[in-house]
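Trainee: Could we go through this structure together? I would like to learn how to read it one residue at a time.

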Amino acid sequence: MGQTFGQLLKAIRREKGVSQRDLADRVGIDFSYISKVENDRMAPPSADTIQKICEVLEVSTEVLLSKSGKLTGELSEAITSSPSAIKFMNEIKDMRLTDHEWDRMITSLKKLR
């Protein structure tokens with residue numbers, strides 16, 4: 001079984017040498033909230049808060065967002081504002097792509113531009 005969002009957050013935060021209190025202060029949330037999330041007593045925070053956490057910890061937003069199951073407002077809007085984007089997402093949903101396949105798709109898409 002893989003790590004939960006909270007377990008991953010704790011591991012990254014510790015690896016970066018940042019205390020719960022320092023992280024919370026820099027993100028603008030209560031440190032007890034960080035503790036509850038890291039111990040899986042609360043659900044992951046909003047995508048915007050996750051983005052702030054990633055900025056403070058200097059990690060890619062994809063790392064924590066993928067564990068949270070959440071999308072940023074900007075990404076959600078980009079997908080939902082276009083019928084073609086929704087069609088694309090529906091097509092790939094059933095493909096169950098691996099990370100390697102996703103990376104290959106990104107490379108191919110960049111070549112289209």
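**Reading the model**

Mentor: T72 is buried, with a relative accessible area of 10%. Please keep in mind throughout that this is a predicted model.

Trainee: Where is T72 found?

Mentor: T72 belongs to the loop between α5 and α6, the latter covering residues 73-80.

Trainee: Why does T72 count as buried?

Mentor: T72 counts as buried because its relative accessible area is 10%, and buried means under 20%.

Trainee: Which residues does T72 touch, not counting those up to four places away in sequence?

Mentor: T72 touches A47, Q51 and L65 under that condition.

Trainee: Let us change topic to the core. Which residues of the largest nonpolar core touch the most other members?

Mentor: They are F5, L9, L23, I50, I53, L57 and L64, out of 18 residues in this core. The elements giving two or more residues to this core are α1 (5-15), α2 (20-27), α3 (31-38), α4 (47-57) and α5 (61-68).

Trainee: Which of these gives the largest share?

Mentor: Helix α4 does, with six residues. As background, nonpolar side chains in soluble globular proteins tend to be buried together.

Trainee: What is F5 in contact with, leaving aside its neighbours within four places in sequence?

Mentor: F5 is in contact with V37, P44, P45, I50, L64, K67 and S68.

Trainee: How far apart are C54 and A78?

Mentor: C54 and A78 are 24 residues apart in sequence, and their C-alpha atoms are 21 Å apart in space.

Trainee: Now for charged residues. How many salt bridges does a search of the whole structure find?

Mentor: The search finds three salt bridges. One of them is formed by the side chains of R13 and E38, at 2.5 Å from N to O. This pair links distant parts of the chain, since R13 lies in helix α1 and E38 in helix α3, 25 residues apart.

Trainee: Are R13 and E38 buried or exposed?

Mentor: Both R13 and E38 are buried. For R13, the reason is a relative accessibility of 7%, as the cut-off for buried is under 20%.

Trainee: What else is R13 in contact with, leaving aside its neighbours within four places in sequence?

Mentor: Besides E38, R13 is in contact with V18, S19, Q20, L23 and L57.

Trainee: Which residue forms a salt bridge with R26?

Mentor: R26 forms a salt bridge with D22, and their closest N and O atoms are 3.4 Å apart. Both residues lie in helix α2, four residues apart, which is about one turn of the helix. R26 is partly exposed at 49% relative accessible area, and D22 is partly exposed at 31%.

Trainee: What about D94 and K93, buried or exposed?

Mentor: Both D94 and K93 are exposed. Their side chains meet in a salt bridge of 4.0 Å, N to O.

Trainee: Let us turn to the backbone. What is phi of E58?

Mentor: Phi of E58 is near 55°, a positive value in a residue other than glycine. Most residues other than glycine have a negative phi. E58 is found in the loop between α4 and α5, and it is exposed, with a relative accessible area of 67%.

Trainee: And what is phi of R96?

Mentor: Phi of R96 is near 50°, also positive in a residue other than glycine. R96 lies in the loop between α7 and α8 (99-111), and at 72% relative accessibility it counts as exposed.

Trainee: One last topic, the surface. Which residues form a nonpolar patch there?

Mentor: F88, M89, L109 and L112 form a nonpolar patch, with about 380 Å² of accessible area together. M89 is found in helix α7, residues 83-93, and it is partly exposed, with a relative accessible area of 35%.

Technical notes
Residues numbered from 1 in each chain as written. Predicted model: local features only at pLDDT ≥ 70, side-chain atom pairs only at ≥ 80, totals over all residues. Heavy atoms only, no water. Core = buried A, V, L, I, M, F, W, Y, C linked by side-chain atoms within 4.5 Å. Buried < 20%, exposed > 50% of the residue type's maximum accessible area, 1.4 Å probe, protein only. Contact = heavy atoms within 4.5 Å. Patch = residues over 30% accessible without salt bridge, like charges linked within 9 Å, V, L, I, M, F, W, Y side chains within 5 Å. Areas by Shrake-Rupley, 256 points an atom, 1.4 Å probe, with all protein chains shown as cover.
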